[in-house]
Amino acid sequence: MAVSFLSVCSTLGVRNFNVCKYIMRIGILNSGGDCPGLNAVIHGVVGAADKLNWEVVGFIDGFEGMLPPERHMMLDITNTMGIQKLGGTVLGTTNKGNFGAKVGAGNVKEVPHDIIEMARKTFNDLELEGLVIVGGDGTLTTALQLYRMGWPVVGVPKTIDNDLEATARTFGFDSAVTTVVDALDRLQTTALSHKRVLVLEVMGRHAGWIALHGGIAGGANVILLPEIPFDMDVVCEAIESREKNDLRSTLVVVAEGAMPEGGAKMFHRTSGNSSEFRLGGMGEKVANEIAERTGKETRAVTLGHLQRGGSPTAFDRILGTWFGVKAVQLIKDKQFGSMVSYQRAHVDAVPIEDAVSRLRCVDPDGEEVAAARAIGICMGK
Ligand code: F6P
């Protein structure tokens, strides 16, 4: 177990924190699937905490790191330097284990109290005064349970699927969509050359955001979402009508959770002892049916975890940083039980005269500049 300056101070009975660099210590963990931008959150939390002279403990492999044998690492601005550029998470993660609070969409189970008490001992032993919990639906459900049991926790939403309620955007989504767009750009050139139908299956169990955004940006001609059960007649008619108009190649994007009207989702296989559903195969099924019904040469590609791996886009680095900084602010303000949230993804109508009357410049006192300053970026003044 790491020995920090704070513990040395408290061991020595030092109560005047002016003689210590650190005046408080918080923890951070991420749980569930990895996601591009997770390291930007960690970087943001550490940077903002350092400015407040707070020490940060990062738990390894999510909540599991809080259980015996406890595993954590002290995070500081030196050992987190540059990590916002990296994919995955430097803390490691798991979507299994003792804290697996989710058993499918909408179904949650409580984490047993004896497990929570073991984690609480770690929390107390490390003298933590706040815990940043980064995760998706299941992880945040556990965060809520902990908060209701009196833990000083704040949440940071995480999922490439962008399907969490109460935030307009999650980091990781932009990176996943960028990968889908890149795949479609590549598939289009081969589809055009051979006058084929190319079907791309993308992630999205319950929500089709990746398919929708990736499909629109990547020039898909057909997009099938979990939210709109599809009719194969309509899909094939669209392809045949393109053919009649001399548009002889078609790109089809299928979310893994899409299903035909009156039909069911397709399960690729079930994983080990995980209670989570593992979807897959709908892209292949749709491709086969298209080939059979239209006679068009059709190929299927499944993008899979390529959508989760790799470096985050600039947007996800910024959003992750911003979320991390805000999480520290929430702890500072003792707004426990809150989750950071992005609230601006909305297209509206305004009078043209409102747009041309002035330029929209960076607000020196705005949130973006504040976030940059909070992680120690010098703004020249
Ligand atoms: O929830 C994010 C997600 O990427 C889903 O879109 C996908 O179905 C799932 O995770 C895959 O999970 P795993 O990595 O456990 O296979």
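Modeller: Buried means under 20% relative accessible area, exposed over 50% and partly exposed in between, with a 1.4 Å probe and protein chains only. This is a predicted model: local features need pLDDT of at least 70, side-chain atom pairs count only at pLDDT 80 or more, and totals for chains, interfaces and linings use all residues. Residues are numbered from 1 along each chain as its sequence is written, and side-chain values use heavy atoms, without hydrogens and water.

Biologist: Is N30 buried or exposed?

Modeller: N30 belongs to strand β1 (a strand is a DSSP run of E, at least two residues). The relative accessible area of N30 is 2%. The cut-off is under 20%, so N30 counts as buried.

Biologist: Which residue has its backbone oxygen 3.0 Å from a polar side-chain atom of N30?

Modeller: Look at the side chain of N30. One of its polar atoms lies 3.0 Å from a backbone oxygen. That oxygen belongs to G92.

Biologist: How many residues of β1 are buried?

Modeller: Take β1 face by face. On one side M24, I26, I28 and N30 are buried. On the other, R25, G27 and L29 are buried too. The count for β1 is 7 of 7.

Biologist: Which residue of β2 stands opposite I26?

Modeller: β1 (residues 24-30) and β2 run parallel, joined by 5 bridges (strands pair with at least two). I26 of β1 faces a residue of β2. That residue is V56.

Biologist: Why is β2 described as largely enclosed by the rest of the structure?

Modeller: β2 covers residues 54-59. W54, V56 and G58 are buried on one side, and E55, V57 and F59 on the other. β2 is largely enclosed because its buried residues number 6 of 6.

Biologist: Now the ligand. Which residue has a polar side-chain atom 2.5 Å from an oxygen atom of the ligand?

Modeller: The residues around the ligand include D161, E256 and R308 (near means a heavy atom within 4 Å). D161 has a side-chain N or O atom 2.9 Å from a ligand oxygen, and R308 also has one at 2.9 Å. The residue at 2.5 Å is E256.

Biologist: What percentage of the ligand's exposed area does the protein bury?

Modeller: Start with the ligand taken alone. It exposes 400 Å² (Shrake-Rupley method, 1.4 Å probe). The protein buries 79%.

Biologist: How many charged residues are in the shell around the ligand?

Modeller: Domain 1 (5-171 + 312-356) and domain 2 (176-307) each give the shell at least three residues. By class, 2 are nonpolar and 3 are polar. Asp, Glu, Lys and Arg count as charged. The shell's charged residues number 5.

Technical notes:
A polar contact is a pair of N or O atoms within 3.5 Å; within protein, one must be able to donate a hydrogen and the other to accept it, and residues adjacent in sequence count only if both atoms are side-chain atoms. Domain bounds come from an automatic or database domain assignment. Helices (H or I, at least four residues) and strands (E, at least two) are DSSP runs, numbered from the N terminus.
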